[in-house]
Amino acid sequence: MNPTPETHTPGLPGLTLREAGPDDLGTLAHLLSASNPDHPQTAQGLAHHLGALREHPLRPLVRHWLTERGGEALGLAELVQYPGMFHPDRYHADVQVLPAARGRGVGRWLTEHLERELAARGAREVLAGAYETAAPALGLLRRSGFEEALRYFDNVLDLSGFDAAHWSAQATLPAGVRAVTLADLSAQWGEEAARRAMFGAVREIREDVPRPGAATEIRYEDFAHRLSGPDFFPQGVLLAVTEPEDPATPGEVVALSELFRSEAGPQRLDTGLTGTRRAWRRRGLALALKVRALALARELGAREVWTGNATSNAPMLSLNTRLGFRPRPAWIEFRRGQVED
């Protein structure tokens, strides 16, 4: 982030706009957390996330702007290209305004700024979103030519009502497959071998995760960076591993379910990727690992487990509903224009 000089906003006295710099991570995290308290962020977590984007060989665009009054940040605008679904003419745009500053034209000004940036870059596809309960933001997106592309739910499980014994009796693994944490597999095979085996499963499973565009091939370096984040802990990753006939030959990771620490605090854990390699689907592996992950979350003292599901992912939604997860208001992903992947 290279900060740019302040510019004053016409029609909004005392308000200035500037590009965020390296010293603004705390401010960005505060604005993002206040605007979306269900998904709080910290400067440390944001630095890790943005660092991965800036170091990626695709050289994606990553820019943030802050609007301030009297030195107080009231909102931010974001323009990002994500390597996981990359196209040089596709951009993800976001505007966030502090709740107390909404309804005063701040969001409109930031949106207009992003529109100028997108026009200057010749953007052919823009993705942006809002919660289904945010009527003003939804109206602005639709008036700006955006159309709904996909919906995601936050699904939340209250662990006080989760019957681990009941589900453990039902969620069994097929013969020849064992469940093991990444921490334990690393102790058995060595950390690098265990991570490489997990990466093979992640690389295949993520290709079938619903998204507005085609998934871009993930590099091992991207995967390894993700495992170095402040929210990651290897004890929270459950893997289904085959038992080879030859004991000297390592097995294959055929399914996984991830838990991550949450910035919301130790009483909550967030689910990452849960899925099964194509050749092993419809054998109950995802359910068996998910049940073990939820039992582990209770043992760790968590009260809630949060996960995110696209409304088009019927199998995972059905599984989570059976386990007791309950949806929160949907995040609607909108798209304007479209590129061919």
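Predicted model: local features only at pLDDT ≥ 70, side-chain atom pairs only at ≥ 80, totals over all residues.
Local features require pLDDT of at least 70, side-chain atom pairs count only at pLDDT 80 or more, and totals for chains, interfaces and linings use all residues. Numbering starts from 1 along each chain as its sequence is written, and side-chain values use heavy atoms, with hydrogens and water left out.

**Domains**

The domain assignment gives domain 1 (15–123) and domain 2 (155–328). Such bounds come from an automatic or database assignment. The two centres, taken over C-alpha atoms, are 30 Å apart. Contact (heavy atoms within 4.5 Å) involves 16 residues of domain 1 and 19 residues of domain 2.

An unreviewed UniProt entry places "domain: N-acetyltransferase" at residues 15–174. UniProt positions follow the numbering used here, feature names are shortened, and annotations may be inferred rather than shown by experiment. That span is 34% helix and 31% strand, and its end C-alpha atoms lie 62 Å apart. Helices (H or I, at least four residues) and strands (E, at least two) are DSSP runs, numbered from the N terminus.

**The interface**

Domain 1 and domain 2 bury about 1300 Å² between them. Buried area is the accessible area (1.4 Å probe) lost by two parts on being put together, summed over both. Carbon and sulfur atoms carry 56% of it. On the domain 1 side, Asp38, His48 and Met85 lose the most area to domain 2, together 40% of what that side buries.

Polar contacts join 10 residue pairs across the interface, both residues at pLDDT 80 or more. A polar contact is a pair of N or O atoms within 3.5 Å; within protein, one must be able to donate a hydrogen and the other to accept it, and residues adjacent in sequence count only if both atoms are side-chain atoms. Helix α2 (residues 43–54) gives the most to the domain 1 side, with 4 residues.

**Selected pairs**

The structure holds 23 salt bridges, with 1 between domain 1 and domain 2. The rule needs a side-chain nitrogen of Lys or Arg within 4 Å of a carboxyl oxygen of Asp or Glu.

| Salt bridge | N to O distance |
|---|---|
| Asp38 and Arg328 | 3.5 Å |
| Asp89 and Arg124 | 3.0 Å |

Asp89 sits in the loop between β4 (72–80) and β5 (90–97). Arg124 lies in the loop between α3 (106–121) and β6 (125–131), 35 residues apart from Asp89.

Tyr131 belongs to strand β6. Its side chain makes a polar contact with that of Asn36 (3.3 Å). Beyond neighbours within four places in sequence, Tyr131 is in contact with residues including His39, Asp154 and Trp331. Tyr131 and Ile332 are 201 residues apart in sequence, yet 5.9 Å apart in space, C-alpha to C-alpha.
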